[in-house]
Amino acid sequence: MIQAHIRKHFRASRESAAFTLDVGFEAGPGVCVLFGPSGAGKTLTLDCIAGFTRPSEGRIVLDGTVLFDGARGIDLRPQERRCGYVFQNYALFPHMSLRENLEFAAERLPKLERHRRVSETLERFRLTEVAGRRPHELSGGQKQRCSIARALLAAPRILLLDEPARGLDQSLRAELYSTLRQVRQAFGTPVLLVTHDLDECFELGDEMMVISEGAMVQHGTPRSVLQQPATVDVARLLGLFNLLPVEIKALDPSRNVSRLAFGEFELTGPYLPGRLLGDRVSVFVRPEHVLAAPRDGRPGGNQIAATLERAAERAETVRLEFAGGLAAVVPRSDYERHRHSRDWVLEVPPQFLRVI
Amino acid sequence: MILRMSVDWFPLWLSLRVAVLSTLLSVAVGVGLAYVLANRDFRGKEALDAVLSLPLVLPPTVLGYYLLVLVGRESFPGRIYEWIFGQPLVFTWQAAVLAAFLHSAPLLIKSARAALETVDHSFERAARTLGANETVIFFRITLPLVVRPVLAGTALAFARSLGDFGVTIMLAGNIPGRTQTIAVAIYDAVEAGNGAVARALVLAVSAIALVVLWVANRLSPRAAT
C-alpha cells in the first residue's frame, strides 16, 4: 500500500519551461498504471518514490514506513526505501554475468539463503541456461526478465516499472505482460507502472491514474476511466472519438432524459443531474456503440449526418472515421455492402451517451 | 661501443620508481577528484576544474616555482613535513614524486572525469534500489564501467611522470645518485658532452614511452573498433 503526495517544482531555465508536478494518490496491491503523455511527470513521480529525486514538499508512505516527509525533514535514501525499479534500458550491469547481477541483488539477504534464492529466481524466470552470459549476449526478452527478477530478489515493498514495453515488438510485449501477471500472482508485490500505451493499461492495470501536465486528472479502474473520462482533456488523452459539444435544451428528471442540441441535430440523452438548461457540456459515445448506416433521406431522432473520411479495416470489424472527429465501429459485413457510400448517418443510442 | 661503455642506470631506476609512485598517487587522488567533478554540483566547480588543469598549460618551471614556495623549508606545509619526517622535502627523491604527481595527475583527472560523465546513471540508481551502499557502488559498478579509459589515462599519466623535467629540477634539484631522474640526467649528459650516455638514456626513455602509449591506445575505447 502506497500513499503519496508529491509536489516538485522546476523553475524555468534556458532549456525548459517551468514545470510543477503535483500528484496525490493511494495504490493498493495489484498493478497500478500511471498513464499520460510524454512529459506529463510520470517518470518523475516514480523517481520521487524511489528516492532519486527529492520532492519540494509532500509525503510518501509505503506499507506504513515514511519514505519522505517534507514537513518533518524525512528523506530516506534509495537504499532504505526497498523500492524495486525496472529501468527502461533494464540497467543490467554490463560487466557482470546474469547470475552475478542477481547475486548483487541478493547480497542483502541472509548468507545461507542467497544461493538458493538466486537459483530459484533463475529457474522461475527461465534464465538458468543463460545464467553465465553477460547482458549483451542476451535476447531482449531475457534481459527484461532478468531486470524484473533482479528487482524482485531484493524483496521490494513495491515494484516500479518505467515504460517497460517501450520499443518492444508485439511478441516481447506479450511476454512482458505474462511475466508481470505471473509476478502479480506469485509475489503479490504491488506494481506501479508508467506507460503511455492505453492497451497496456487494460492489459495490466487493476487501477489507472491519468497524469497530464504534472497533475493527476483521474484515478479509477481502466474500464471506469474509459467509460467515463473526467474531463475533455482525459478523453483526448485516451484517444476517444465522438466528443460532441452540446447545449442542453431540455431536462426531464421524471423520465430520466435530456434533450441536447449538437449543431443542427437533436439528441436524446440520459438526465443530467446538476446541470441547467442552456449549459454547454461535452458528451461522448464510444465508437463501438455508434450505429452507422448509409444516408437515405433526412436524419431521424438521435441521428447525425456525417461524411466518411477513412475506413480502417481490422480482422472482424471496420472502424469508420468521419469528418469532425466522429467514429464508428461496424461489422465487416455491413461495411462490405456499403463501402462506396460517402454520406452516412450515425445513430447514438441514448443509453450510451456519457457526459464529461 | 655503447655495450662496452659503463652507463649509470641509476637515473632510469629512480625515474621508474618516481613514476610508479606518482602514478599510484594520481590514481588515488585523481579518480576521486574526477568522481566529485563528474557527479556533484557545487559552487566553483568549474573554477576548481580550471585550477586542476593549470599544470597542463603552465610552463613546468612556473609550476615548480609555485611548489617551491608552497612546500619549501620556510613554508608551513614544508615545516610540517620536516617535523614529521625529520628532513626537508625539497631536493629529495620524494620531492621528485610530488613534482611528477602534480605534472601528471591533471591528465588523469581529465580523462577520468570524461569517462565518468559518460556512465549511465541508471546503473548506479539500480544498485541503490538493490540496497548497495555508495562505496560498494563506486568500486563494483562505477569503476568497472570506466576501467578501460581510466587505465588509458593512467598510462598517459605514467608516461608524463617519467618524462618530467622542469618541475623536478626546480623542486628536487639535480643531485646525481639521489634526485637525478632520467630526464635531468640526459640534460646533464648532453651538457657534459657525454653523447653515448645521453643516447643510451634517450633510447631507454623512448622505448618505455612507446610501450606505454601503445598500451594506452589499446585501452582507450576509440581504438577498440
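Let me begin with a term: by contact I mean heavy atoms within 4.5 Å. In that sense A:Ile148 touches A:Val86, A:Phe125, A:Leu159, A:Leu161, A:Leu176, A:Thr179, A:Leu180 and A:Val183, leaving aside residues up to four places away in sequence.

Before going further, a word on the basis: this is a predicted model, in which local features need pLDDT of at least 70 and side-chain atom pairs count only at pLDDT 80 or more, whereas totals for chains, interfaces and linings use all residues. Residues are numbered from 1 along each chain as its sequence is written, chains are lettered from A and ligands numbered from 1 in the order in which they are written, and side-chain values use heavy atoms, with hydrogens and water left out.

To return to A:Ile148, this residue is one of the five that touch the most other members of the largest nonpolar core, which holds 88 residues, and the others are A:Phe93, A:Leu159, A:Leu160 and A:Leu192. A nonpolar core here is a set of buried Ala, Val, Leu, Ile, Met, Phe, Trp, Tyr and Cys residues joined through side-chain atoms within 4.5 Å, where buried means under 20% relative accessible area, exposed over 50%, and partly exposed in between, with a 1.4 Å probe and protein chains only. Helix α5 of chain A, residues 140–153, gives the largest share of this core, six residues (helices are DSSP runs of H or I, at least four residues, and strands runs of E, at least two, numbered from the N terminus).

Now the interface, where 19 residues of chain B are in contact with 21 residues of chain A. The area buried between the two chains, that is, the accessible area (1.4 Å probe) lost on putting them together, summed over both, is about 1,800 Å², and carbon and sulfur atoms give 65% of this. On the chain B side, B:Arg125, B:Thr129 and B:Leu130 lose the most area to chain A, together 37% of what that side buries.

B:Arg125 also forms a salt bridge with A:Asp47, at 3.5 Å from N to O, the rule being a side-chain nitrogen of Lys or Arg within 4 Å of a carboxyl oxygen of Asp or Glu.
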